[in-house]
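Please look over the model shown here and work through the questions that follow it. Each answer sets a value against the rule that gives a word its sense.

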Amino acid sequence: MSRAETVEQAPDVRAPRPLWTLGLLRNELGMTFRRRRTLVLLAVLALVPVLVGIAVRVQTGDGGDRGGPAFISLVTNNGLFLVFTSLAATLPVFLPMALGVVAGDAIAGEAGAGTLRYLLVAPAGRTRLLLVKYTGTLVFCLVATLVVAASALVVGALLFGLGEVTLLSGTTVPLAEGLLRALAVAGVVALSLIGVAALGLFVSTLTGSGIAAMAMTVGVVITFQILNTLPQLHAVQPYLFPHYWLSFADLLRDPVYWDDIRRNLGLQAVYALVFGTAAWARFTTRDITA
Amino acid sequence: MAPPSSDGEDGARPGAPVIETHGLTKAYGSGPPAVDGLDLSVPPGSIFGFLGPNGSGKTTTIRMLMGLIEPTAGGARLLGEPMPGAARRVLPRVGALIEGPALYGFLTGRANLLRYDAADPTADPRTRAARVTAALDRVGLAAAAGKKARAYSLGMKQRLGLAAALLRPRELLVLDEPTNGLDPQGMREIRGLVRELAADGTTVFLSSHLLDEIEQVCTHAAVMSRGRLIAQGTVAELAAGARGRLAVTTPDTADAARVLKEHGLTDLVVGEERVTGELPGPGAGVPAVVGGGLDPADLNAALVAAGVRVRAFGTERASLEDVFVALTGEGFDVAG
Ligand SMILES: Nc1ncnc2c1ncn2[C@@H]1O[C@H](COP(=O)(O)OP(=O)(O)O)[C@@H](O)[C@H]1O
Ligand SMILES: [Mg+2]
């Protein structure tokens, strides 16, 4: 194309529109979910229900009912309970660890690779980039949770079959309502992770090394989990982010017991706000020299 | 070309500096500042060489210009607007290569550019694909666009970084050592590209620790040493600022040297059939008008009168290296 054409006619130059700002988010999501690392994390998460299902099957496979833990009989009676069991198994460790990798690497990985400076001079805008990274991390939380739930549903249906659901409170509801409740549980589990996501993002603004940020985030998550079990720390435990995590089981009561779920979501919101603000304060003032 | 006006409060005024800094300073911890009280003025349309040995503060200056780091003191204006305050308005009109390219190794070259373009909220998504293709073409990477960037050679990475700076028509290009790590052929290509872009009317701010590179492509230059600006102006002005050396080619070197010495030349170097010496200037460190008070024609006549057979006679133009040595009393660390 000739110079004169581009300069004089400038045929396709449009004034910037507000929606264009979403281009980076779309790109971020596309990049995250096409990345091999993300796919490996999701594959590992999808494997958990398979292992849990096989373990339950093997333990009860010889026909004898040996009165195992309550959830095992629930699972063998209805494959749908594998969804709840798998979410309960992955929420304390696997999900936050996978999230720690994604959130911890969000800014630090870009800084370490040097791509951060080019995003900033593009100019992505520091606040906008941080919001994009946080949104991307939250979408990962949701997708990761749904992957666990979906894998568990398929494995549960294959190994144990699906049917009417007997809730924890003893009421029996049709399978359709059971599925709806499973979806709600997955949603609450995903929301349970928004505090950790913000924490990981904050850690990510502190260092120029993605690996260090991931390790630090995962370390903090594990530390909090341990603190949450120490009886000496009874007084502070209600303020630790994992404290109400397993309250999602209350969605399986009739009527639903909302108190702990509400406490959980409130606590997550506080963590998200505090660490989100800290991440913003840090990232918008930091010298980017990498 | 008309000298650039030195004051630039109104950025829209034609002829106002494209880059302007006032007392720009960056200090890391204690110790001497990495950049110390920089007053730069880059006229529009120039190819401005930002010259200095490694560690003299070039990259630090560029980071402040682009709003990546906060100055300790002083300020900078880009395209007439203050940085980093006006970054959102200014940076879409500026392309930059800062301390080498940085790429997503797991993405293709093309996907890298799509991402950087998406990062700019004022870049039209409808023309994105076409602009990325054009940028890849411009740097000669069209054939390798589908390869993962981690498989690129250093030269290809450098060119992809340049392509990212060329995703949109820019008013200013800031290129930090764009030929670093390239072979001579790659260097020539980049220089050609820079000239081409400047011919389109883009102002190019080019940092380098290579003297000949600046001399070859730049119209203007600023010289940095240990965080301080020691000179700036057109390349011709700068070179004239250093006293050139007089060179006489003759078989009668001894007689020639004696005559030159009598006429006040200093630092005489006698080689085989060749004598060079420094013309006396009006005062140490002060730029000499060509030859100072001494007319080279008189000198030539004196040589001939003394029976010296002169084969060639002339003043050698001072190089930027001479400027640097004259101003700092130090050699230029070219190897570093
Ligand atoms: N992030 C940093 N922390 C501390 N010192 C730095 C940092 N960045 C640069 N410096 C110092 O500032 C000086 C100038 O560096 P730089 O701007 O990279 O020089 P150049 O680009 O001219 O080679 C050097 O002495 C370098 O050690
Ligand atoms: Mg440098």
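Chain B has 11 helices and 15 strands. The model is a predicted one, and 50% of the 336 residues in chain B are buried. Among the contacts in chain B with a separation of 6 or more, residues 24 or more positions apart account for 65%.

Q: Why is B:Arg128 called buried?
A: The word is used for a residue under 20% relative accessible area, and B:Arg128 has a value of 11%, so B:Arg128 is called buried. This residue lies in helix H4 (residues 128-138) of chain B, and, leaving aside residues up to four places away in sequence, B:Arg128 touches B:Leu114, B:Asp117, B:Ala118, B:Asp120 and B:Ala123.

Q: What makes the pair B:Arg128 and B:Asp117 a polar contact?
A: The side chains of B:Arg128 and B:Asp117 are joined at 2.7 Å, and the cut-off for a polar contact is 3.5 Å between N or O atoms, one able to donate a hydrogen and the other to accept it. The distance is within that limit, and the pair is therefore counted as a polar contact.

Q: Why is B:Asp255 called partly exposed?
A: Partly exposed is the class between buried, under 20%, and exposed, over 50%; B:Asp255 has a relative accessible area of 32%, which lies between those limits, so the residue is called partly exposed.

Q: What makes strands S4 and S9 of chain B a pair?
A: Two strands count as paired if at least two bridges are found between them, and five bridges join strand S4 (residues 47-51) of chain B to S9(B), so the two are a pair, and they run parallel. Strand S8 (residues 172-176) of chain B also pairs with S9(B) in the parallel sense, over five bridges. B:Phe205 in S9(B) stands opposite B:Phe48, and B:Phe205 also stands opposite B:Val174.

Q: Why is the link between A:Glu110 and B:Arg115 called a salt bridge?
A: A salt bridge needs a side-chain nitrogen of Lys or Arg within 4 Å of a carboxyl oxygen of Asp or Glu; the closest N and O atoms of this Arg and Glu are 2.9 Å apart, and the link therefore meets the rule. Across the interface of chain B and chain A, the rule finds three salt bridges.

Q: How many residues bring chain B and chain A into contact, and what area do the chains bury?
A: In chain B 38 residues are in contact with 31 residues of chain A, and the two chains bury about 2,900 Å² between them, 57% of it on carbon and sulfur atoms. B:Leu68, B:Arg115 and B:Pro121 supply 22% of the area that chain B buries against chain A, more than any other three residues.

Technical notes
Residues are numbered from 1 along each chain as its sequence is written. Chains are lettered from A and ligands numbered from 1 in the order in which they are written. This is a predicted model: local features need pLDDT of at least 70, side-chain atom pairs count only at pLDDT 80 or more; totals for chains, interfaces and linings use all residues. Side-chain values use heavy atoms; hydrogens and water are left out. Contact means heavy atoms within 4.5 Å. Buried area is the accessible area (1.4 Å probe) that two parts lose on being put together, summed over both. Helices (H or I, at least four residues) and strands (E, at least two) are DSSP runs, numbered from the N terminus. Buried means under 20% relative accessible area, exposed over 50%, partly exposed in between (1.4 Å probe, protein chains only).
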